[in-house]
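This briefing is for a reader who is new to the structure shown below.

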Amino acid sequence: MTASKAPVPEAGPSAAAAARIEALRRQIEHHNYRYYVLDDPEVSDAEFDVLMRELQKLEDEHPELVSTDSPTQRVGGAPAAGFATVRHRLPMLSLANGFDVDEIHDFDRRVRERLAKQTGDPARSEAAVTYMAEPKLDGLAISLIYENGRLVQAATRGDGETGEDVTANVRTVRPIPLHLGDRFTDDAPQVLEVRGEVFMRRADFERLNAGLEAEGQRGFMNPRNAAAGSLRQLDPQVTARRPLSFFAYSVGFVEGGTLPDTQSGTLDWLRELGFPACPEREVLEGVEACLDYYERLAARRAGLDYEIDGIVYKVDALADQQALGFVSRAPRWAIAHKFPAEERTTTLRNVEFRVGRTGALTPVARLEPVLVGGVMVSNATLHNMDEIARKDVRIGDRVIVRRAGDVIPEVVGRAGGERPADTRAIEMPVSCPECDSHIERPEGEAVARCTGGLVCPAQRRESLKHFVSRRAMDIEGFGEKIIEQLADGGIVQSPADLFALDAERLEALERVGPKLAANLVNALEQARETTLARFIFALGIREVGEVTARNLATYYGDLDALMQADAEALQEVPDVGPIVAEHIANFFAEPHNRDVIQALRDAGVHWPDPPRPQAAEPGDAAPLAGNTYVLTGSFDTMTRDEAKAALEARGAKITGSVSKKTTAVIAGADPGSKVTKAESLDIPILGPDDLAQLLA
């Protein structure tokens with residue numbers, strides 16, 4: 001297999017030009033590889049520029065020979081109107097975090113125990129695991145798709161399921177190969193997804209900011225913001241002028257070809273293909289070697305020419321990674337060992353209480369602005385009144401502030417030294433600061449809540465903001481200011497009211513002209529088609545995040561079935577415990593919520609129907625027709641969803657709760673309370689072997 005190349009005419013002067021163009025492109029790619037990957041250039045910058053100028057001249061004379069993967073195309077094209085959405089063929093998962101030695105030891109123990117269970121080899125629970133460790137760069141995750149060696153698409157991570165198409169911008173990032181040239185051999189995949197981090201080196205960041213400030217523009221706060229802001233420019237020519245770097249860290253979707261069988265081998269292979277990879281990576285035996293690596297890198301952190309916020313440990317053997325699998329949105333075979341958050345001291349000026357979409361009141365500290373981890377912090381969370389009491393902080397105190405996980409600012413506690421004489425206690429308001437409704441704090445809960453419900457403008461606003469947000473219904477253009485006008489003006493009382501808006505009503509809002517109004521109406525029209533998981537998440541059910549919403553959609557496949565489930569049945573859904581199950585059941589039991597859901601459906605909001613079991617061939621009998629089964633626990637040979645589909649394909653009905661109408665409960669490993677209920681109702685309990693016989 002070879003990379004696609006520019007067309008070569010059969011004869012004439014243009015044939016000679018095409019041959020020279022191709023030769024120049026290969027030379028330039030070779031020198032880019034030497035410079036960005038091997039850090040061992042063979043020519044000076046001046047000699048490299050001579051090759052680039054010759055190539056540019058030839059392509060100007062023969063525009064029919066220009067291709068998108070030519071090195072000359074890295075200057076960027078015309079500005080884009082916006083970024084299209086890309087759905088990742090394999091989700092780009094996030095990593096679980098560990099903040100201390102005990103959490104890393106627990107991660108290693110879980111890896112060894114699960115490998116012993118999955119492989120059937122008890123000795124693996126005691127054997128040291130081989131890990132690959134590398135710095136966790138503070139940049140922007142990116143997905144690169146190559147077809148037959150040519151870069152065809154680049155996308156941001158986004159929410160893990162979908163990202164933004166930034167192909168035009170990524171083509172301008174010089175360390176990223178546009179095609180893989182002669183290094184792309186016959187046994188390489190026809191389709192290859194390379195994942196990595198776009199970042200900005202410290203020295204490049206300082207030069208960029210100095211240049212921006214010299215032009216009278218505002219500089220970036222830190223290298224991560226600079227990298228993310230540069231890559232997400234609508235004008236690729238702006239991105240082309242920004243000094244972005246790239247390190248590959250894994251392979252995603254692959255079609256055809258053969259790959260190495262280890263994580264470390266994969267990165268070595270990617271490096272041979274022309275992708276830069278972090279030179280600090282190491283293969284380590286056992287958890288103690290990982291912790292030693294962490295200490296060594298932590299000591300050198302300030303001297304690295306790029307910012308890192310921790311270390312990533314990955315099980316090196318890809319077969320072991322597959323055996324370990326995933327949980328929620330994170331792989332079981334990797335963890336990010338984060339460095340301690342940076343802390344600073346400042347003055348707590350005041351405390352205000354913010355009302356969330358569930359009515360929860362969160363105390364927010366208003367601080368004397370202070371730079372923490374490269375970000376100017378003036379507001380920070382105090383979590384709740386119990387935390388305020390535990391930390392013993394008062395208005396007027398000198399307090400310690402940090403960015404938890406290097407992201408969320410929080411007040412850690414009071415700084416040492418004598419307390420100022422004029423401090424005053426922080427008190428929970430007796431009524432809602434938004435609607436004056438009574439504040440209550442249920443027994444056993446740390447959070448106080450406004451009882452106003454949708455009467456409370458803050459709850460209404462926050463619910464609507466959540467509904468239209470990118471990870472929920474993703475209704476583009478409905479920012480905070482527009483939602484606040486719609487909610488505070490009484491124009492929109494519930495999410496269903498959004499879909500009744502027309503251009504005339506929207507144009508009446510402040511700073512909304514005809515073009516924006518038309519775009520908003522179009523965004524609402526597009527949002528009518530969604531997915532069940534997004535819709536469930538958008539409803540804003542208490543403690544139901546994206547992962548839980550996806551699990552509910554996968555398990556039930558149908559909204560009506562979910563709405564009818566009781567709290568006990570809901571606990572069979574992965575990651576749904578008794579408290580969350582109660583919240584879900586109570587939400588769907590509320591008539592107002594059912595009315596809003598029906599109004600949304602009446603407004604045309606819909607999602608694909610769940611897949612139907614394959615119909616039997618004419619004349620075939622459905623052997624399990626008329627039988628109702630309940631599945632509980634886990635099965636070695638298939639997932640519960642696969643078992644459900646297989647049983648339904650044979651005519652059976654699968655329900656989420658046990659009743660007198662249940663034919664039998666099929667129980668795998670670690671079954672739930674359904675077995676106990678089945679025993680109380682004298683309903684047969686079948687095992688994995690019985691399931692196999694049913695499907696035979």
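Arg112 and Asp108 join their side chains in a salt bridge, with N to O at 2.9 Å; a salt bridge is a side-chain nitrogen of Lys or Arg within 4 Å of a carboxyl oxygen of Asp or Glu. This is a predicted model: local features need pLDDT of at least 70 and side-chain atom pairs count only at pLDDT 80 or more, while totals for chains, interfaces and linings use all residues. Residues are numbered from 1 along each chain as its sequence is written, and side-chain values use heavy atoms, with hydrogens and water left out.

- Arg112 and Asp108 are 4 residues apart in helix 3, so about one helical turn separates them. Helices (H or I, at least four residues) and strands (E, at least two) are DSSP runs, numbered from the N terminus.
- An α-helix has 3.6 residues a turn, so residues three or four places apart point the same way.
- Arg112 counts as buried at 17% relative accessibility, and Asp108 counts as buried at 5%. Buried means under 20% relative accessible area, exposed over 50%, and partly exposed in between (1.4 Å probe, protein chains only).

**Helix 3 against helix 9**

- The axes of helix 3 (residues 101–119) and helix 9 (residues 287–300) come within 10 Å and cross at roughly 145°. Axes are lines fitted to C-alpha atoms, for helices over the stretch in contact, and angles run from 0 to 180 degrees between N-to-C directions.
- On the helix 3 side, Val101, Ile104, His105 and Asp108 meet Val287, Glu288 and Leu291 of helix 9; contact means heavy atoms within 4.5 Å.

- The salt-bridge rule gives a count of 44.
- Arg461 and Asp488 pair through their side chains at 3.0 Å, N to O. This pair links distant parts of the chain, with Arg461 in helix 12 (residues 457–468) and Asp488 in helix 13 (residues 480–488), 27 residues apart.
- Arg461 is buried, with a relative accessible area of 12%, whereas Asp488 is partly exposed at 49%.
- Glu480 and Lys465 form a salt bridge at 4.0 Å, N to O. That pair also links distant parts of the chain: Glu480 lies in helix 13 and Lys465 in helix 12, 15 residues apart.
- Glu480 counts as exposed at 52% relative accessibility, while Lys465 counts as buried at 17%.

**Helix 8**

- Of the 11 residues in helix 8 (residues 263–273), 8 are buried, and the helix is mostly covered. Among the buried residues are Trp269, Leu270 and Leu273.
- The buried residues of helix 8 pack against several elements, including strand 3 (130–137), strand 8 (245–255) and helix 10 (318–324).

**Nonpolar surface patch**

- Met221, Leu371 and Met376 make a nonpolar surface patch of about 270 Å². Patches are made of residues with over 30% relative accessible area and no salt bridge, where like charges are joined within 9 Å and nonpolar side chains (Val, Leu, Ile, Met, Phe, Trp, Tyr) within 5 Å. Accessible areas come from the Shrake-Rupley method with a 1.4 Å probe; for residues, only the protein chains shown count as cover.
- Leu371 is found in strand 15 (residues 361–372) and is partly exposed, with a relative accessible area of 42%.
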